Each structure stands twice: as structure tokens, then as C-alpha cells.
Amino acid sequence: MGMMDSKHTQGPWVIEDPMGPESLWIVEAGKQTYEWRCIAMVCRDDDIEVSGPKISAREQNANARLIASAPAMAEALAEAPPPPVEATVDEARAWLLEYAVWYGRTARAALSTATGEAG
């Protein structure tokens, strides 16, 4: 299934804070505020009374980055070279090399975006 055939809201997605930093919204990039549709809302609870572990602002931002990067990660995975069903040793080696190149170029970049770390 190509990205144009997907059933999710098309990316890229970005993080916005229309109601303040306590509730981050994941919205479509490039849209005016009045055009936003809230794809996801990522909250924190470190400043309110809740029992159990709390979600800090740092964890909230990490969660929002991960969610916002979903379309790019899906696109990266769709570009992965398909593994051979049956292959000779040489064909398997060629696929492993192709996979390693794909991973080094595409998957690591997508993961870096998702985690907020330099690739």
C-alpha cells in the first residue's frame, strides 16, 4: 500500500501548543491555525494531583515527537527492501547489503527524528 493509499491523515505532522504547553497537539504541517485538525493530543500531568507515576514535560515532548514522526517512519518502512523468499547465498548477501544501505540512510534518519537525537 503506497502512502497515497493510506487510511491515516497524511503527513508530515507537527507539534503545536494552542492551549499552552500542558496539552500538545499533533496537527498536519503547513496548515493555518483555523485549518488544524487534532490528530492526537499529548498531555502531561506533572503539575496536577494524580496517583502513580506522572508524565513530565520532558516525557510529554518525547511522546509528541514520536507520534508526530509516525508518517515519516511509515514512509521509511515502506521503502525497506523486501527480503527474498528463497535466495542463494549470494542473493541473500546482496539483500543484506541493500538492507544495510537502506537502514543507514533511511531508517536511522527516521528514528533520529522520532527520538529528537542527531543521526
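C43 has 37% relative accessibility, so C43 counts as partly exposed.

A word before I go on. What you see above is a predicted model.

Let's stay with the cysteines. How many disulfides are there? The count comes to zero. Take C38. C38 is in no disulfide, and the nearest cysteine sulfur belongs to C43, 9.0 Å away. Now look from the other side. For the sulfur of C43, the closest cysteine sulfur is in C38, and 9.0 Å is too far for a bond. Remember what the bond would be: a disulfide is a covalent bond between the sulfur atoms of two cysteines. The cut-off here is 2.5 Å between sulfur atoms. What about the exposure of C38? With 37% relative accessibility, C38 is partly exposed.

Next stop, R44. Where is R44? Find the loop between β3, residues 40-43, and α1, residues 57-68. R44 sits in that loop. Buried or exposed? R44 has 18% relative accessibility, so R44 counts as buried. The cut-off for buried is under 20%. Which residues does R44 touch, leaving aside neighbours within four places in sequence? On one side of the sequence, P21 and E22 are among them. Then come I55, S56, A57 and Q60.

Now move to helix α3. The helix spans residues 89-115, and Y103 is in it. L111 is found in helix α3 too. Y103 is partly exposed, at 34% relative accessibility. L111 is also partly exposed, at 40%. Which residues does Y103 touch, not counting those up to four places away in sequence? The contacts are R108 and L111.

Y99, Y103 and L111 make a nonpolar patch. Its area is about 260 Å².

How far is Y103 from G20? In sequence, the two are 83 residues apart. In space, C-alpha to C-alpha, they are 37 Å apart.

One last item: a peptide bond. Most peptide bonds are trans. The bond that joins G11 and P12 is cis. Its omega is about 5 degrees. Where does P12 lie? Look in the segment before β1, the strand at 13-16.

To recap, briefly. There are zero disulfides. R44 is buried in this model. Y99, Y103 and L111 form the nonpolar patch.

Technical notes:
Residues numbered from 1 in each chain as written. Predicted model: local features only at pLDDT ≥ 70, side-chain atom pairs only at ≥ 80, totals over all residues. Heavy atoms only, no water. Buried < 20%, exposed > 50% of the residue type's maximum accessible area, 1.4 Å probe, protein only. Helix = DSSP H or I, 4+ residues; strand = E, 2+ residues; numbered from the N terminus. Contact = heavy atoms within 4.5 Å. Patch = residues over 30% accessible without salt bridge, like charges linked within 9 Å, V, L, I, M, F, W, Y side chains within 5 Å. Areas by Shrake-Rupley, 256 points an atom, 1.4 Å probe, with all protein chains shown as cover. Salt bridge = Lys/Arg side-chain N within 4 Å of Asp/Glu carboxyl O.
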